[in-house]
Amino acid sequence: MSAGTAEVYNLGRDTETVSQRVQRLQREARALAREQVEALERDLESLAVRAQEIADGGDAYAVGVREMASRLASDLPQKAQSLRAILERSAKA
């Protein structure tokens, strides 16, 4: 360990077997993965709002930029919903 870090061990808890540790780490990894997918979902929704603002921005934006932003504004919420559906199905499995 480096200076300034400490490892905490709960003495009241039984020692984890390798199998228990693997299961715990897998649960933690799945929880972190879910959090990251949920963050991506929020990011896609936020980008859809920004894209719609650009699409509605008028002549300040080039025509091609507005058109692409308009397509993104309609596509991104669908992608976010698809991610949510996949996440929910995988949680039930």
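1. **Ground rules.** This is a predicted model, in which local features need pLDDT of at least 70 and side-chain atom pairs count only at pLDDT 80 or more, while totals for chains, interfaces and linings use all residues. Residues are numbered from 1 along each chain as its sequence is written, and side-chain values use heavy atoms, with hydrogens and water left out.

2. **Overall make-up.** The chain has two helices and zero strands; both kinds of element are DSSP runs numbered from the N terminus, helices being H or I with at least four residues and strands E with at least two. Of the 93 residues in the chain, 12% are buried. Here buried means under 20% relative accessible area, exposed means over 50%, and partly exposed lies in between (1.4 Å probe, protein chains only).

3. **Surface and contacts.** The accessible surface comes to about 7,600 Å², and 54% of that belongs to carbon and sulfur atoms. These areas come from the Shrake-Rupley method with a 1.4 Å probe, and for residues only the protein chains shown count as cover. Among contacts in the chain with a separation of 6 or more, 57% are between residues 24 or more positions apart; a contact means heavy atoms within 4.5 Å.

4. **Arg-66.** Is Arg-66 buried or exposed? Arg-66 counts as buried because its relative accessibility is 19%. Its side chain reaches the backbone oxygen of Tyr-61 at 2.7 Å. Leaving aside neighbours within four places in sequence, Arg-66 is in contact with Ile-54, Ala-55, Gly-58, Asp-59 and Tyr-61.

5. **Salt bridges.** A salt bridge here is a side-chain nitrogen of Lys or Arg within 4 Å of a carboxyl oxygen of Asp or Glu. How many salt bridges does this rule give? The count is eight. One of them joins the side chains of Glu-16 and Arg-24, at 2.6 Å from N to O. Both partners are partly exposed, Glu-16 with a relative accessible area of 26% and Arg-24 with 23%.

6. **The network.** Salt bridges link Arg-34, Glu-38, Glu-41, Arg-84 and Glu-88 in a network. Within it, the side chains of Arg-34 and Glu-38 meet at 3.2 Å, N to O. These two are four residues apart in helix H1 (residues 18-55), so about one helical turn separates them. Glu-38 also meets Arg-84 in a salt bridge of 3.9 Å, N to O. That pair links distant parts of the chain, with Glu-38 in helix H1 and Arg-84 in helix H2 (residues 63-92), 46 residues apart.

7. Arg-34 is partly exposed at 27% relative accessibility, and Arg-84 is partly exposed at 29%. Glu-41, in helix H1, is buried, with a relative accessible area of 9%. Not counting residues up to four places away in sequence, Glu-41 touches Ala-80, Leu-83 and Arg-84.

Terms used: A polar contact is a pair of N or O atoms within 3.5 Å; within protein, one must be able to donate a hydrogen and the other to accept it, and residues adjacent in sequence count only if both atoms are side-chain atoms.
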